[in-house]
Amino acid sequence: MTPEKKVKNKIVAILKKFGAYYFYPVMSGYGMSGVPDIIVCYKSRFVAIEVKATPKNKPTPLQQRNIDTINSNGGIAIVVHCDNIESVTKTLEGL
């Protein structure tokens, strides 16, 4: 299992604990590039999670543009890695 997959599994466990709706977007010829790894709906709020294995791994410029666009449109987009997994809990608790 990759380090990023381990982080994703921990995030999913948190999402399940909260009873949040979530899915992994599948990129294909019809999809949009740079979409965050996990899309969440919780308490009528749109939350997008870009998953990275470590803090050293940064979003690509395209991923960052998507994160910024989501945030500027009233959604919540966060980058989560092995050292800040608790940010998922804090984000959901804050809704």
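Is Ser44 buried or exposed, and what is its relative accessible area?

A: Ser44 is exposed, with a relative accessible area of 73%. Here buried means under 20% relative accessible area, exposed means over 50%, and partly exposed lies in between, with a 1.4 Å probe and protein chains only. The model is predicted: local features need pLDDT of at least 70, side-chain atom pairs count only at pLDDT 80 or more, and totals for chains, interfaces and linings use all residues. Residues are numbered from 1 along each chain as its sequence is written, and side-chain values use heavy atoms, with hydrogens and water left out.

Ser44 sits in the loop between E2 and E3. Helices (H or I, at least four residues) and strands (E, at least two) are DSSP runs, numbered from the N terminus. Phi of Ser44 is near 65°, a positive value in a residue other than glycine. Lys43 is in the loop between E2 and E3 as well, and its phi, near 50°, is also positive in a residue other than glycine. Lys43 is exposed, at 53% relative accessible area.

Strand E2 covers residues 38-42 and strand E3 residues 45-51, and the two pair in the antiparallel sense over five bridges. Two strands count as paired if DSSP finds at least two bridges between them. Within this pairing, Val40 has Val47 of E3 as its bridge partner. In general, strands of a sheet pair through backbone hydrogen bonds, either parallel or antiparallel.

E2 and E3 belong to an open sheet of four strands in the order E1-E2-E3-E4, with mixed pairing. Strand E1 (21-23) and strand E4 (76-80) are at the edges with a single partner strand each, so one side of each has no neighbour in the sheet. From one strand to the next, the twist averages 20°.

Two helices lie across parts of this sheet. Helix H2 (residues 61-72) lies across E3 and E4 and runs at about 140° to E4. Helix H3 (residues 86-93) lies across E2, E3 and E4, at about 160° to E4. For these angles, axes are lines fitted to C-alpha atoms, for helices over the stretch in contact, and angles run from 0 to 180 degrees between N-to-C directions. Contact means heavy atoms within 4.5 Å. In H3, the buried residues include Ser87, Val88 and Leu92. The buried residues of H3 pack against helix H1 (3-18), E2, E3 and E4.

Rings of Phe, Tyr and Trp (its six-membered ring) pair if their centres lie within 6.5 Å; planes under 30 degrees apart count as stacked, over 60 as edge-to-face and the rest as tilted. Phe18 lies in helix H1 and Tyr42 in strand E2, 24 residues apart, and the pair links distant parts of the chain. Phe18 is buried at 18% relative accessible area, and Tyr42 is buried at 12%. The rings of Tyr21 and Phe23 have centres 6.1 Å apart and planes at 55°, so that pair is tilted. Tyr21 is exposed at 53%, while Phe23 is partly exposed at 34%.

The search of the whole structure also finds two salt bridges. A salt bridge is a side-chain nitrogen of Lys or Arg within 4 Å of a carboxyl oxygen of Asp or Glu. One joins the side chains of Lys52 and Glu50, at 3.5 Å from N to O. Lys52 is buried at 11% and Glu50 is buried at 2%. The other joins Lys8 and Glu4, at 3.6 Å from N to O. Lys8 and Glu4 both lie in helix H1, four residues apart, about one turn of the helix. Lys8 is buried at 16%, and Glu4 is partly exposed at 27%. Leaving out residues up to four places away in sequence, Lys8 touches Tyr24, Asp37 and Val51.

Cys82, in the loop between E4 and H3, touches Val7, Lys52, Ala53, Thr54 and Pro55, not counting residues up to four places away in sequence. Cys82 is partly exposed at 37% relative accessibility.
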